[in-house]
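I opened this model to look up its sheets, its metal site and its helix packing. My entries are kept in the order in which I checked things.

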Amino acid sequence: MANHYRTKAVVLSKKNVKEADQLFSLFSEDFGKISVLGRGIRKITSKLRSGIDTFYFSEVEFIQGKEIKTLTDTVALDKFHGSDRISEATEAIVSGQEKDRRVWDLLMESLGQGCSSEIACHFYFWNLLSISGYGFNLGDCLKCGRKLPEDNNTFSFGGGGIFCSCSEGDIKISANAIKLLRIILRKDWKTLARLSCPKTLFSELDSLSWKVQETLIRQHSM
Ligand SMILES: [Zn+2]
């Protein structure tokens, strides 16, 4: 008889396969990043469907076949405000299937605070980089060591931090973005909870995070 495995997991994404199946990408407490197939889960009568969906915090049970894991039970524990960005960052930055307590704790911390999905995403992304060995120095100017002024700062991917006008990095970064990143990396939830950030600040951080991620992927594949 096949072994049954049971673990808590966050559902990062799902996609439809075949007539009535769905393939879920999970980050699990005990096995790290895994894919599990929900057979017949899109049928109204499926018992699995109420316990699993995108950004559910679920308890799942599966059997390990030769090539795929197949869901046998699901229990919904909570529903988080997440977004595709969290799945994409996990795909890009976390390597194969492996239990990883730090990523699990970070995922729980990012999503479990009930903050907006923007805050949760950026909290996760920047701290994930940090625990994956891609930390950035957001203190003083990387080159001259002076305190960063309000304007004319640039972010340097290669340098791993920020330049003032004494040197030129890869992309402009505003003073507010630097402040928000510092709060995020300090894991200062008290401040994060009462921040109201303009949309433009999140768009700035979004494009910065995409560029950082692309740069990392390029470095990995070289
Ligand atoms: Zn400088």
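**Ground rules.** I am working on a predicted model, in which local features need pLDDT of at least 70, side-chain atom pairs count only at pLDDT 80 or more, and totals for chains, interfaces and linings use all residues. I number residues from 1 along each chain as its sequence is written, and side-chain values use heavy atoms, with hydrogens and water left out. For helices (H or I, at least four residues) and strands (E, at least two) I take the DSSP runs, numbered from the N terminus. I call two strands paired if DSSP finds at least two bridges between them.

I traced a closed barrel of 5 strands in the order 1-2-3-5-4, with mixed pairing. From one strand to the next I find an average twist of 45 degrees. My angles run from 0 to 180 degrees between N-to-C directions, with axes as lines fitted to C-alpha atoms, for helices over the stretch in contact.

I then looked at strand 4 (residues 56-64) and strand 5 (residues 69-79), which pair in the antiparallel sense over 9 bridges. A hairpin through 4 residues connects strand 4 to strand 5. Along this pair I see Gln64 opposite Lys69 and Val60 opposite Thr74. On the parallel side, strand 3 is joined to strand 5 by 2 bridges, and Leu37 stands opposite Thr70 in strand 5.

Helix 1 (residues 84-93) lies across strand 1 (4-17), strand 2 (21-28) and strand 3 (32-38), at about 110 degrees to strand 1. Helix 2 (residues 101-112) touches strand 1, strand 2 and strand 4, and its direction makes about 65 degrees with that of strand 1.

I find an open sheet of 3 strands in the order 7-6-8, with antiparallel pairing. Strand 7 (161-163) and strand 8 (171-173) are at the edges with a single partner strand each, so one side of each has no neighbour in the sheet. Strand 6 (residues 153-156) pairs with strand 8 over 3 bridges, and there I see Asn153 opposite Ile173. Helix 4 (residues 175-185) lies across strand 6, strand 7 and strand 8, at about 75 degrees to strand 8.

**Zinc site.** Which atoms coordinate the zinc ion? I list the SG atoms of Cys141, Cys144, Cys164 and Cys166, at 2.2 to 2.3 Å. Donors are N, O and S atoms within 2.8 Å of the metal (3.2 Å for Na, K and Ca); water is not among the atoms, so sites may look incomplete. The 4 donor atoms subtend angles of 106 to 117 degrees, which makes the arrangement tetrahedral (all angles between 85 and 135 degrees for four donors). I read the donor spacing in sequence as C-x2-C-x19-C-x1-C. Cys141, in the loop between helix 3 (117-131) and strand 6, and Cys164, in the loop between strand 7 and strand 8, are 23 residues apart. I note both Cys141 and Cys164 as buried (under 20% relative accessible area, with a 1.4 Å probe and protein chains only).

**Helix pair.** The axes of helix 3 and helix 4 come within 9 Å and cross at roughly 70 degrees. I therefore log helix 3 and helix 4 as roughly perpendicular to each other (65 to 115 degrees). In the contact, His122, Phe123, Trp126, Asn127 and Ser130 in helix 3 meet Leu181, Ile184 and Leu185 in helix 4.

How values were computed: Contact means heavy atoms within 4.5 Å. Four donors count as tetrahedral if all angles lie between 85 and 135 degrees; four count as square planar and six as octahedral if opposite donors are over 155 degrees apart and all others between 65 and 115; anything else is irregular. Buried means under 20% relative accessible area, exposed over 50%, partly exposed in between (1.4 Å probe, protein chains only). Angles under 35 degrees count as roughly parallel, over 145 as roughly antiparallel, 65 to 115 as roughly perpendicular and the rest as oblique.
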